[in-house]
Amino acid sequence: MRIAYIYTALTTVGGADRVITEKANYFAEHFGYDVYIITDSQGKEKPKFTLSPKVHLVNLDIMFGQQYNHSFFVRGFYYFKLMKEYKRKLSDTLNQIKPDFTISVLGRDSDFINDLSDGSLKIGEAHVSRDFIRNFHLMEKRSLPYRIVCKIWRKRLDKIVKRLNAFVVLTNDDANNWSHIRNSIVIPNSIPFLDERSSNCSSKSIISVGRLNEQKGFDMLIEAWYLVTRKHPDWSLHIYGDGELKFDLQKQIEKKGINQSVILEYPIKDIQSKYLESAFYVMSSRFEGFGMVLIEAMACGLPCISFNCPNGPADIIDNQKNGFLVENGNIKELAKKICVLIENEESRKNMGKYAKESIKKYSPDIVMQKWAELFESLKNKQK
């Protein structure tokens, strides 16, 4: 079986990069598949997560990014020029590789993936929920030309997805968003690590992980933490990540006068060690595709608190058993639930134990078998 994964670049210590790397490694190491990851902007940078030597990394060297910092119409000119080059190079590469399956994460390649005649079956894989895919929600907040383009692309994306041989989503909630797509199937992400060790949930340290951007909602978490510090000034919150909002978040922390208890930490590969040092996990995202950090934290025996955002937390958190689900965007309720776990160490420990058991359904052996079954069923249909 030969698999080609299309992804822009494995250059961030982020959830999607880790998931794609782990999946490619598992396909190659455990199933013996011949796996390729085709990037457009990897350059000479090494992947942030270790790829198996059995996985082939192919970079097309498309200089996406040069279209930015130009006016709307100049930007459009550059974009279509680069896309023409991208389509040609990707088509040539796939025709050389001759994969059985080409997997798209619905990036730029989705605009033409169904039109490539390399003979492979095409599978789409959504890493964020439908409403937020390709950052359309941000375009819709901009000027009229951007809103028009966004409306056109949303309709176009539906047509693209319908033409795929299969479309994989991560959660049951997002499957409902794509209910008009008959070829959709739910396959969640798998736990990137399984460890016999667990946190004792006794430290006075809370952890949150993610890119410092609008999606992850750390501005709301900081507001909630300000309320928490009034009752529990001896506790600390550690946020691991980097991104465009780092300066703004640091300024917010200092303005609130809580810079002694909120620390913006740099992202690290060995995040597992930091989970094990923490008492519990808090997620403040405005939206998610799945919520990898939740199953990572639970694999280390941490209970989790999360906004019940679209989509993912409700699939993972069994409310009041392995953590708490909070009304989406309700900062006061988030602060209240953080205080509940701070003030009840025994509850933290019991929830942590249940959390570790509850996420075994996301073990790689179980999840990857679902992918193998999907490949086989599509092959049988093709025959």
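Buried, as used here, means under 20% relative accessible area, exposed means over 50%, and partly exposed lies in between, with a 1.4 Å probe and protein chains only. Helices (H or I, at least four residues) and strands (E, at least two) are DSSP runs that are numbered from the N terminus. The model is a predicted one, in which local features need pLDDT of at least 70 and side-chain atom pairs count only at pLDDT 80 or more, while totals for chains, interfaces and linings use all residues. Residues are numbered from 1 along each chain as its sequence is written, and side-chain values use heavy atoms, with hydrogens and water left out.

## Helix α6 and its surroundings

By these cut-offs, the buried residues of helix α6 are Phe218, Met220, Leu221, Ile222, Ala224, Trp225, Val228 and Thr229. The helix has twelve residues and spans 16 Å from its first C-alpha to its last, close to the 16 Å expected at 1.5 Å a residue; the expected span is taken as 1.5 Å times one less than the number of residues.

Glutamate 223, which lies in helix α6, counts as partly exposed at 27% relative accessibility. Its partner in a salt bridge is lysine 256, with 3.1 Å from N to O, and lysine 256 is likewise partly exposed, with a relative accessible area of 28%.

## Salt bridges between separate parts of the chain

Side chains of opposite charge can pair when their charged atoms come close. A salt bridge is counted here when a side-chain nitrogen of Lys or Arg is within 4 Å of a carboxyl oxygen of Asp or Glu, and a search of the whole structure finds 21 of them.

| Pair | N to O distance | Separation in sequence |
|---|---|---|
| Lysine 216 and glutamate 288 | 2.7 Å | 72 residues |
| Glutamate 223 and lysine 256 | 3.1 Å | 33 residues |

In the salt bridge between lysine 216 and glutamate 288, the closest N and O atoms are 2.7 Å apart. Lysine 216 lies in the loop between β8 (205-209) and α6 (218-229), and glutamate 288 in the loop between β11 (280-283) and α9 (292-299), so the pair ties together parts that are 72 residues apart in sequence. Both lysine 216 and glutamate 288 are buried.

The salt bridge of glutamate 223 with lysine 256 has a distance of 3.1 Å, N to O. Because glutamate 223 lies in helix α6 and lysine 256 in helix α7 (residues 246-256), this pair ties together parts that are 33 residues apart in sequence.

Glutamate 343 counts as partly exposed at 42% relative accessibility, whereas lysine 231 is exposed, with a relative accessible area of 54%.

## Surface patches

Patches are made of residues with over 30% relative accessible area and no salt bridge, like charges being joined within 9 Å and nonpolar side chains (Val, Leu, Ile, Met, Phe, Trp, Tyr) within 5 Å. Lys and Arg count as positive and Asp and Glu as negative, while His and the chain ends are not counted; the place of a charge is taken as NZ of Lys, CZ of Arg, CG of Asp or CD of Glu.

A positive patch is formed by Lys87, Lys151, Lys155, Arg156, Lys159 and Lys162, and its largest share, five residues, comes from helix α4 (residues 144-163). Lysine 155 has its place in helix α4 and is exposed, with a relative accessible area of 54%. A nonpolar surface patch consists of Leu144, Ile148 and Ile152, which together have about 290 Å² of accessible area, as given by the Shrake-Rupley method with a 1.4 Å probe. Leucine 144 lies in helix α4.

## Backbone features in loops

Most residues other than glycine have a negative phi, and most peptide bonds are trans. Aspartate 61, although not a glycine, has a positive phi of about 55°; aspartate 61 is found in the loop between β3 and α2 and is partly exposed, with a relative accessible area of 45%. Cysteine 201 has a positive phi of about 60° and is found in the loop between β7 (184-186) and β8, where cysteine 201 is buried, with a relative accessible area of 2%. The peptide bond from proline 310 to asparagine 311 is cis, with omega near -10°.
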